[in-house]
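Student: I would like to learn how to read a predicted model carefully, feature by feature. Could we start with the terms and then go to the case in hand?

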Amino acid sequence: MNLESFQLADHNQRLLDAHRRKLAYWTDAVADAERVIQKLIDFQIAIPSWALGTGGTRFGRFGGGGEPRTLDEKMADVGLLHALNRASGAISLHIPWDIPQDAEATRQTAAHYGLRFDAVNSNTFQDQPDQALSYKFGSLQHVDPAVRRQAIEHNIEVIRHGVALGSKALTVWLSDGSCFPGQLNFRKAFSRTLESLQEIYAALPADWKLFVEYKAFEPNFYSMTVGDWGSSFLYASKLGPQAYTLVDLGHHLPNANIEQIVATLLMEEKLGGFHFNDSKYGDDDLTAGSIKPYQLFLIFNELVDGMDARDMNHATDLGWMIDASHNVKDPLEDLLQSVEAIQIAYAQALLVDRTALEEAREANDVVRAQEILQDAFRTDVRPIVAEARLRAGGALQPLNLYRSLDTRTHLIRERGLKTVATGL
Ligand code: RM4
Ligand code: MN
Ligand code: MN
């Protein structure tokens, strides 16, 4: 569904006065507002092609209707999100869930919506119908070199698809590991995985990055071969300068201090990208900021601090992606919520008075340090996030506009009630 410019203009016009009143505080009292607004305008968060349909639980899937049936329809959905919030200008594809049939046409369609292609993702955690050998006992770590070869070739194929689309990174997430103690020789599993990754790394174009995503657990697993940031960091370090660690917020053991992990990886120049989501218990893939917004803010606080320390470009030097999957929400509404939560956390982190924070730290003034952080976290930054959207050509309240246009009903009419998007 296309967003007509008059619909956007009507919506913004109706809300403009109230918005200006809320914004007045920022323009009058916050010297820094313009800097924050500009950074927000530049900051784009990639939408995963697998988040546009309804996700499943381990037991079932409850579709909401109007799901995109093709890659073109997925790009149309992301295009709609981007038209609403002007902050979703990229899409991340999972292969083989979304194989572009005609790369040039796909590129043109993406360009029409103002989208670029973020990291491409390989999949050796499922068997495909036409696949010769099974990944039941792993892929890049498999004891049989023929299975490893197949998995390596698949990753190289994914790079090829990415090159054709103008992507600049490959994300490798493996569900390799073991279910029972004794099943696996940990050292051999590590070495085989490293050797396989080395072959994939060798196939990377010079301006590409390889993201090694870690995950602490899968239900029913005893060990994961890339189980934590330490092992991902090891792989990335051994592979070379184009390899980085990817942090997915849902991939840690409960209560892990993710902000500290982020700070360390950034310092070591090995943080490559992010998969945003939120969770209460496991890899729940819930809406970003829906459970632990303070944690999200603390992570952004480290990101801003660490990136500034290395003079990095916030918008372009790391890969920013959402990785979520839902059963009970309209996926597009959910993604609008996630993007906004990420922007809010980012804006709050930009407000932190870093000079004062450092002074408080050097003076062991714990109370003051906490006050400085919480002052930023408790600031309602929604008016400047909305202002950034407005200036970039988006809607003051994307979710409200999406609903008032009855978008899902239109999508169901256009695509049908029982459509199923590829993915989880
Ligand atoms: C994994 C991991 C990967 C994602 C798959 C679908 O748990 O988060 O990034 O590609 O799920
Ligand atoms: Mn992920
Ligand atoms: Mn995950």
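Tutor: Let us begin with burial: a residue is called buried under 20% relative accessible area, exposed over 50%, and partly exposed in between, with a 1.4 Å probe and protein chains only as cover. Helices (H or I, at least four residues) and strands (E, at least two) are DSSP runs, numbered from the N terminus. The model is predicted, so local features need pLDDT of at least 70 and side-chain atom pairs count only at pLDDT 80 or more, whereas totals for chains, interfaces and linings use all residues. Residues are numbered from 1 along each chain as its sequence is written, chains are lettered from A and ligands numbered from 1 in the order in which they are written, and side-chain values use heavy atoms, with hydrogens and water left out.

Student: Which residues point each way from strand 5, and are they buried or exposed?

Tutor: In a regular strand the side chains alternate between the two faces of the sheet. Here Ala169, Thr171 and Trp173 point one way from strand 5, while Leu170 and Val172 point the other way, and all are buried. Strand 5 (residues 169-173) is largely enclosed by the rest of the structure, because 5 of its 5 residues are buried. Strand 9 can be read likewise: Ala243, Thr245 and Val247 point one way, Tyr244, Leu246 and Asp248 the other way, and all are buried.

Student: In what order do the strands of the open sheet lie?

Tutor: Strands of a sheet pair through backbone hydrogen bonds, either parallel or antiparallel. The criterion used is that two strands pair if DSSP finds at least two bridges between them. In this model an open sheet of 6 strands has the order 4-5-7-9-10-11, with parallel pairing. Its edge strands are strand 4 and strand 11 (319-322), each of which pairs on one side only.

Student: How many bridges join the strands in that sheet, and which residues are partners?

Tutor: Strand 4 (residues 120-121) pairs with strand 5 in the parallel sense over 2 bridges, and Asn121 has Thr171 of strand 5 as its bridge partner. Strand 7 in turn pairs with strand 9 in the parallel sense over 4 bridges, where Glu213 stands opposite Leu246. Another 4 bridges join strand 9 to strand 10, again in parallel, and the bridge partner of Leu246 in strand 10 is Gly273. The chain path from strand 9 through helix 8 to strand 10 is likewise a right-handed β-α-β crossover.

Student: Which residues are around ligand 1, and which polar side-chain atoms lie by its oxygen atoms?

Tutor: A residue is near a molecule or strand if one of its heavy atoms lies within 4 Å of it. The residues around ligand 1 are Trp50, His94, Trp97, Trp173, Glu213, Lys215, Asp248, His251, His275, Asp283 and Asp323. A polar contact is a pair of N or O atoms within 3.5 Å; within protein, one must be able to donate a hydrogen and the other to accept it, and residues adjacent in sequence count only if both atoms are side-chain atoms. A polar side-chain atom of Glu213 lies 2.6 Å from an oxygen atom of ligand 1, one of Asp323 lies 2.8 Å from an oxygen atom of the ligand, and one of Asp248 lies 3.1 Å from such an atom. The protein covers 96% of the 290 Å² of accessible area that ligand 1 has on its own, with areas from the Shrake-Rupley method and a 1.4 Å probe; for residues, only the protein chains shown count as cover.

How values were computed: Right-handed = clockwise from strand over helix to strand, strands pointing away.
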